[in-house]
Amino acid sequence: MSSSQSLRALSIDNINPHVKAAKYAVRGELAVKSEEYRAKLAKGEGKDLPFDTVIAANIGNPQQLDQKPITFFRQVASLLENPLLLAHEDVLTSSLGYKPDVLERARWLLKEVKSVGAYSQSQGVPGIRESVAKFIERRDGYPATSKDIYLSNGASSGVNTLLHVICATPETGIMVPIPQYPLYTATLSVLNARCVPYYLDEGTGWGTDLKAITDSYEKAISEGTDVKAIAIINPGNPTGASLPAEDIKAVLKFAAEKKLVVLADEVYQTNVFVGKFISFKKALRDLQAESPGEFDNLELASLHSVSKGMVGECGHRGGYFELCGFDPEVAAEIYKFISIQLCPPVLGQCFVELMVHPPVEGEPSYELYQSEYDGIFKGLEKRANALYDAFKQMEGVECQTPAGSMYLFPTITLPPKAIEQAKKEGRQPDEFYCFRMLDATGICVVAGSGFGQKEGTLHFRTTFLAPGTEWTGRIVKFHQEFMEEFK
């Protein structure tokens, strides 16, 4: 032990081992290296690099990649942060382009929150929860109540809360889709609980496979795991899948039969390019209407966020989850857990309200809002298809049609020599490929091994948030040269 270590209470050997065991690939070593390249270029020191820009395709961070904030949302937020501006209504409307409904919404929100610098109720501002409930009713065609809505510090905080409450012992198991967003496995590591992986079916556009779910559940039970919940990410991260109603109902029926809590991560619900988004809540209410009494005790927690979709306000940390079918005593414990953290950011809560209650036709801000919203959506769709077309040109690369979310997760087949070189460098083959891509192109993607993948398969995940489509050509050129080098 070094003298400096002996003077400290903490060392790498005595901190929480469950934190050390957690892995979170989307902000891992590749991302760190890409930021070093970015800093080098910013200082004008990157003359030796084979690229002049770094593309952060590793994380769903829309506004870092030039997605413009929605004007209505930011105008309202500016008045919430500085209510004194409301005393100058004529300047706002005549000189700064604020429409009357912006001022009206800001005043309503200020009446609800008093100040965005004040704590709110732990569960969130009542009026905002009421707005969320009305949104869910409009979306699904079934009633919703504000008492079941919990505003949160982004959807990640909601997942963290629910897993903390569910994971009672080291034998507690949570079924997690593979490939998955590593929030789930990382949080389970920290909680010293068990991940029960179930594989999605790449052959059907990364759909859920009931046999794979059943086999995984039965294996876990046979190993002494107390399986308590099943997580589903729809639309999919990292896969880009969008589930049809029959897949969703099959998962709900399985959960009801096995008495599992369903954690429905639906943060990409507006990012759907193929088909239509169907919420787990709607599918559950449909099942309850079809088979009265059979699904009344099924516990469902659905999560949403302002970070994704056309809103892209990741930094404002706003989200919510809705509980259906939970025992009131359990809901009270969830309330207690979130109370320990005081409350979610109040400005983030206001962004949730704006997301679920945007300007509607006939209101002064509607036309601009709709044109900005449609422009962002069409831009995402265009870039998704440009990337997909690029992958189709690449030898040994296969990719599902872009269906939803903001990611593609292509399969890559690498030559044996490349796999050999990866071993020599002590890396997974897909990780080796991604590092080589970053060094050659400045494009940072994430290796499939960071999300989980079937044995013997290799993938990488890329976002399609970066502006323009020129950078997709960089990937095609790199891949061609990589395959030549290792053939």
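Colleague: Happy to look at this one with you. What volume does the largest cavity have?

Modeller: Keep in mind that this is a predicted model. The structure holds 2 cavities of 30 Å³ or more. The largest cavity has a volume of about 100 Å³.

Colleague: Which residues lie nearest the centre of the largest cavity?

Modeller: By class, its lining has 10 nonpolar and 6 polar residues, with no charged residues. The lining of the largest cavity is made by 16 residues, and those nearest its centre are Leu200, Trp206, Ile232, Ile233 and Gly236.

Colleague: Turning to the second largest cavity, which element gives the largest share of its lining?

Modeller: The second largest cavity has a volume of about 30 Å³. Its lining includes Ile136, Arg139, Ser302, Leu303 and His304. Two or more lining residues come from each of helix 7 (126-140), strand 7 (300-305) and strand 8 (319-324). The largest share, 3 residues, comes from strand 7.

Colleague: How many charged residues are in the lining of the second largest cavity?

Modeller: Arg139, Glu266 and Glu322 are among the residues that line the second largest cavity, and Arg and Glu count as charged. The lining divides into 3 nonpolar, 3 polar and 3 charged residues. The number of charged residues is 3.

Colleague: What about pockets: which residues lie nearest the centre of the largest pocket?

Modeller: The largest pocket has a volume of about 630 Å³. The elements that give two or more residues to its lining are helix 7, strand 7, helix 14 (346-356) and helix 15 (366-392). In total, 31 residues line the largest pocket, and nearest its centre lie Phe135, Thr270, Met355, Pro358 and Tyr373.

Colleague: Are the residues on the two faces of strand 14 buried or exposed?

Modeller: In a regular strand, side chains alternate between the two faces of the sheet. Here Phe460 and Thr462 are on one side of strand 14, while Arg461 and Thr463 are on the other. Both faces are covered, and these four residues are all buried.

Colleague: Stepping back to the whole protein, why is it as compact as a globular protein of its length?

Modeller: The protein has 18 helices and 14 strands. For 487 residues the globule rule gives 23 Å, and the protein is close to that value, so it is as compact as a globular protein of that length. The radius of gyration is 24 Å.

Colleague: What percentage of the 487 residues of the protein count as buried?

Modeller: The C-alpha atoms fill a box of roughly 65 × 60 × 60 Å along the principal axes. To count as buried, a residue needs under 20% relative accessible area. By that cut-off, the buried share of the 487 residues is 53%.

Terms used
Residues are numbered from 1 along each chain as its sequence is written. This is a predicted model: local features need pLDDT of at least 70, side-chain atom pairs count only at pLDDT 80 or more; totals for chains, interfaces and linings use all residues. Side-chain values use heavy atoms; hydrogens and water are left out. On a 1 Å grid over the protein atoms alone, a cavity is a set of points where a 1.4 Å probe fits but cannot get out, and a pocket is an open set with protein on both sides within 12 Å along at least five of seven lines; lining residues have an atom within 4 Å of a point. Grid points are joined across faces, edges and corners, and a volume is the space filled by probe spheres set on the points. The radius of gyration is taken over C-alpha atoms; the globule rule is 2.2 Å times the number of residues to the power 0.38. Buried means under 20% relative accessible area, exposed over 50%, partly exposed in between (1.4 Å probe, protein chains only).
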